[in-house]
Amino acid sequence: MSQQIKVGMADYKVGNGPDKLITLGLGSCIGITIYDKRKKIGGMAHIMLPKNPDPSKAIAKFADTAIDAMTKELEKMGVNLKDVESKIAGGAQMFTFSSSNEMNSIGFRNAEAVKQELKKKGIRLIVEETGGNSGRTIELDLDNGNLKIKTMGSGEKYV
Amino acid sequence: MTIILNRLSLLQLDALKELGNIGAGNAATALSQILNKKVDMSVPRVKVYPIEEIPELFGGSENIVVGVLLRMFGDMQGSLMFLLDEESALKLLDMMMIPDVQHVTEEIAMSAIMEVGNIISSSYLNSLSFFSSLTIVPSTPGFAYDMAGAILGTILFEVSEMSDQVLLIETDFLGNGEAIKGHFFVLPDLQSLGILLKSVGVE
């Protein structure tokens with residue numbers, strides 16, 4: 001039986017096929033999945049901010065420390081980072097202001113930080129569904145690595 | 001000064017509740033005046049929540065809601081948000097006599113809902129300014145119609161850089177009997193919270 005493992009805001013989880021990892025309502029936050037097809041092992045993180053000012057705490061909230069912690073956990077499960085592929089989604093700009101745009105960049109900055117960190121780890125990024133103005137819910141099937149992206153208004157798609 | 005949220009004293013929480021009460025009372029009056037209908041409000045709740053629990057307060061991360069966001073600037077910084085479900089939003093538009101609205105994302109609908117958010121927030125800030133002698137200025141409103149988790153994440157990221165917990169000052173509005181359920185809340189950043197408490201003498 002496959003189980004659905006829920007990943008909350010500012011959290012990450014790892015698991016094995018045939019389970020599924022899911023995170024709901026990504027706005028400016030980013031959902032990061034890292035998956036090893038051969039071993040059917042993967043992880044999902046839901047980060048809110050780009051860079052952790054104090055890496056000793058709140059590791060799952062920030063792109064840099066969350067990716068670091070999650071990959072270490074995957075490695076402990078026997079995953080080689082050379083074999084994995086990553087898909088990311090989120091980083092939207094939820095509110096459109098007519099004037100000020102100081103808030104606009106957080107989704108973008110999150111996406112940049114995630115990509116930078118993945119690159120640092122030498123992880124291949126194969127799907128990037130970031131930006132736009134809509135929230136997303138994502139579900140990673142740990143049996144085959146398919147990522148379901150649900151957006152309000154435009155329905156579901158698999159990437 | 002940094003505030004540790006779960007160490008706020010009862011007196012401090014009480015002060016925040018009273019400020020919330022006066023502010024929300026003003027906001028409800030303003031809303032009642034533009035709608036020309038009776039508007040009730042709940043006694044404000046002032047509570048500290050872990051960040052990950054916030055979307056659950058609004059029906060879960062995937063619950064579709066309408067949100068109006070204003071930022072506050074000046075002596076205090078943070079966010080003000082007016083949230084309501086789609087059905088309530090349509091009823092609100094009806095009460096404002098905006099004709100033929102099929103969907104909340106129509107230009108006129110968004111504009112009218114933003115204006116309501118604007119009026120509530122401004123009257124709230126007005127009374128907060130008055131009692132705290134702080135100068136607080138709202139931004140123009142922003143509109144979103146999407147999943148609650150996505151909307152809330154957008155404002156939570158700011159406070160979440162410094163804390164795993166969030167202080168919400170929240171009030172429910174009920175208009176026209178109970179037909180319209182709106183939810184208004186204030187999310188001051190941590191530093192501003194300290195400034196606010198100091199200004200009303202409960203440092």
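Let's start at A:Ile32, which touches A:Met44, A:Ala45, A:Ile47, A:Ile67, A:Ser86, A:Ile88 and A:Val114, leaving aside residues up to four places away in sequence. Keep in mind that this is a predicted model.

In soluble globular proteins, nonpolar side chains tend to be buried together.

Next, a sheet in chain A. Its 5 strands follow the order β1-β3-β9-β10-β11, and the sheet is open with mixed pairing. The edge strands of chain A, β1 (4-6) and β11 (155-158), each pair on one side only. On average, neighbouring strands of this sheet are turned by 20° against each other, direction ignored. Strand β10 of chain A (residues 147-151) runs antiparallel to β11(A), and 4 bridges join the two. As for individual positions, A:Ile149 stands opposite A:Lys157 in β11(A).

Finally, where the chains meet, the contact takes 27 residues from chain A and 25 residues from chain B.

| Element of chain B | Residue range |
|---|---|
| β3 | 64-74 |
| β6 | 142-147 |
| α5 | 148-160 |

The largest share of that side, 9 residues, comes from α5(B). By residue class, the side of chain B that touches chain A divides into 12 nonpolar, 8 polar and 5 charged residues.

Note on methods. Residues are numbered from 1 along each chain as its sequence is written. Chains are lettered from A and ligands numbered from 1 in the order in which they are written. This is a predicted model: local features need pLDDT of at least 70, side-chain atom pairs count only at pLDDT 80 or more; totals for chains, interfaces and linings use all residues. Two residues are in contact if their C-beta atoms, placed from the backbone, lie within 7 Å. Two strands pair if DSSP finds at least two bridges between them. Axes are lines fitted to C-alpha atoms, for helices over the stretch in contact, and angles run from 0 to 180 degrees between N-to-C directions. Ala, Val, Leu, Ile, Met, Phe, Trp, Tyr, Cys and Pro count as nonpolar, Asp, Glu, Lys and Arg as charged, and the others, Gly among them, as polar.
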